[in-house]
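This report looks at how two chains meet in one model. Please keep the sequence and the structure at hand while reading.

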2 protein chains.
Amino acid sequence: MMRRVLQVAAGLGRHRALAVAHPILPRLHPASAFGSSTDTLVSRFCLEKTDLKDYALPNASWCPDMLSMYQELLEKSKDSGWVKLPSFKSNRDHIKGLKLPFEVPASSDKSDWRIFPRCISEEGQGYEYVIFFHPSMKKSVCLFQPGPFLEGVPGFAHGGSLATMIDETFSKIAYLAGEGLLTLSLNIKFKSLIPVGSLAVLNVDVEKIEDQKIHLSCITQSRDQKTVYAKSSAVFFQLQLEEESSQ
Amino acid sequence: MMRRVLQVAAGLGRHRALAVAHPILPRLHPASAFGSSTDTLVSRFCLEKTDLKDYALPNASWCPDMLSMYQELLEKSKDSGWVKLPSFKSNRDHIKGLKLPFEVPASSDKSDWRIFPRCISEEGQGYEYVIFFHPSMKKSVCLFQPGPFLEGVPGFAHGGSLATMIDETFSKIAYLAGEGLLTLSLNIKFKSLIPVGSLAVLNVDVEKIEDQKIHLSCITQSRDQKTVYAKSSAVFFQLQLEEESSQ
């Protein structure tokens with residue numbers, strides 16, 4: 001039931017194979033992993049035809065900075081290799097036709113599952129964000145506008161809301177750049193507070209991929225780059241999604 | 001307006017005084033800071049009479065583990081020095097009668113401000129949590145049950161939701177233990193995924209307070225301590241709240 005716990009990789013001895021350290025992952029096949037190209041992953045992720053609502057589109061709550069930078073990046077997506085990533089309500093929508101290589105806790109399908117950064121449905125109150133990715137440069141830009149439901153210190157975004165935005169951007173890029181699926185570590189140095197309602201720009205780079213680990217870095221700053229909000233890094237574990245057996 | 005940015009302390013040269021590095025903080029008086037005892041801070045934080053709703057109380061969504069551990073800690077609060085912290089909708093409620101020692105962005109008071117971990121009002125769908133604090137031991141326990149709106153990998157809590165819960169618990173304890181107000185750094189090593197709907201227990205310790213910095217550590221695990229979900233640490237900056245001039 002819901003109490004079943006998945007043991008995942010981390011801190012259990014460097015360079016030890018996941019299958020050895022975690023025999024609880026019965027369907028992991030390291031030998032066959034990491035065979036999908038970035039282009040294949042991106043084209044599967046960016047569905048051309050879908051009835052799913054894409055939440056990474058402008059709405060009336062977006063501040064002028066967010067809107068104009070979105071338009072700039074959208075222009076670049078026409079001829080400079082940048083790709084706007086769709087953002088559905090749940091990761092379950094993003095991995096349709098695929099399944100996780102480990103056991104998922106039993107639960108009612110009637111639950112209204114939401115990916116955490118899309119937990120608040122009211123426009124402008126919670127997360128407003130859109131992620132662009134450049135497959136060949138393995139770079140990403142996320143535009144993030146925190147609403148008043150994301151407050152920490154009065155008037156400013158909660159540190160956890162930025163940590164979440166960073167982790168979410170890292171996770172999408174880790175997956176698309178190299179089938180990174182699980183966050184092993186996340187380190188953040190906070191430099192300035194982000195005013196609620198303003199734009200923060202996350203610039204993410206894939207630093208290296210080795211030993212089944214993807215190392216990423218991120219600098220979060222104001223659009224004019226004069227204010228650095230945070231510097232962060234993370235390591236993700238590579239774990240290939242499997243095809244659903246029905247396909 | 002909302003674009004005004006507060007420069008806060010971090011990575012700007014060790015042991016440099018905040019007032020020197022950040023002349024933008026006009027009302028900071030380091031010499032007078034850190035004069036309040038933990039008991040004074042706790043008694044002010046835990047209002048005996050208030051009309052504010054306390055969200056850190058059991059509801060029908062709490063799983064049996066969460067409910068019984070809450071009752072155990074509540075028993076301890078009668079004679080063992082543990083204190084259950086109230087949890088209001090906004091940090092603005094927690095600091096009534098006090099003001100921040102820096103400028104807060106101008107904004108409409110009509111906004112529905114919510115502290116991020118209380119952003120979701122539906123019981124059981126988002127965050128369910130309660131924090132207990134032991135002032136003399138400078139220890140804290142947070143009971144955390146993630147709902148389906150906090151999902152990351154299908155069936156499990158988003159890494160950002162745990163990062164937020166850790167940061168929020170750290171922030172409350174940093175404040176009560178030593179007037180820590182701003183997160184400077186947050187480091188998390190994720191060990192296992194937390195199934196949605198289950199209980200995760202955060203055990204927080206204040207490691208040391210020096211050079212206007214509060215160092216904290218946290219281990220997050222299952223109730224039976226057999227599964228470690230994450231190990232984390234953080235550094236907070238001390239910054240004393242000021243009395244409202246009207247008082």
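## The interface

How many residues of chain A are in contact with chain B? The count is 69 residues of chain A, against 69 residues of chain B. Contact here means heavy atoms within 4.5 Å.

The model is predicted: local features need pLDDT of at least 70, side-chain atom pairs count only at pLDDT 80 or more, and totals for chains, interfaces and linings use all residues. Residues are numbered from 1 along each chain as its sequence is written, chains are lettered from A and ligands numbered from 1 in the order written, and side-chain values use heavy atoms, without hydrogens or water.

## Buried area

About 5200 Å² is buried between chain A and chain B, with 62% coming from carbon and sulfur atoms. Buried area is the accessible area (1.4 Å probe) lost when two parts are put together, summed over both. Phe116(A), Phe149(A) and Phe190(A) supply 13% of what chain A buries against chain B, more than any other three residues.

Two salt bridges are counted between chain A and chain B. A salt bridge is a side-chain nitrogen of Lys or Arg within 4 Å of a carboxyl oxygen of Asp or Glu. Glu151(B) meets Arg92(A) in such a bridge, at 2.5 Å from N to O.

On the side of chain A that touches chain B, α3 (64-79), α4 (91-94), α5 (159-178) and β5 (180-190) each supply at least two residues. β5(A) gives the most, with ten residues. Helices (H or I, at least four residues) and strands (E, at least two) are DSSP runs, numbered from the N terminus.

## Strand pairing across the chains

β5(A) runs antiparallel to β5 of chain B (residues 180-190), and five bridges join the two. Strands pair if DSSP finds at least two bridges between them. Asn187(A) has Asn187(B) as its bridge partner.

## Within chain B

Over all chains, 22 salt bridges are counted. One of them links Arg223(B) and Asp65(B), with the closest N and O atoms 3.6 Å apart. Arg223(B) lies in the loop between β7 (213-221) and β8 (228-238) of chain B and Asp65(B) in helix α3 (residues 64-79) of chain B, so the pair ties together parts 158 residues apart in sequence.
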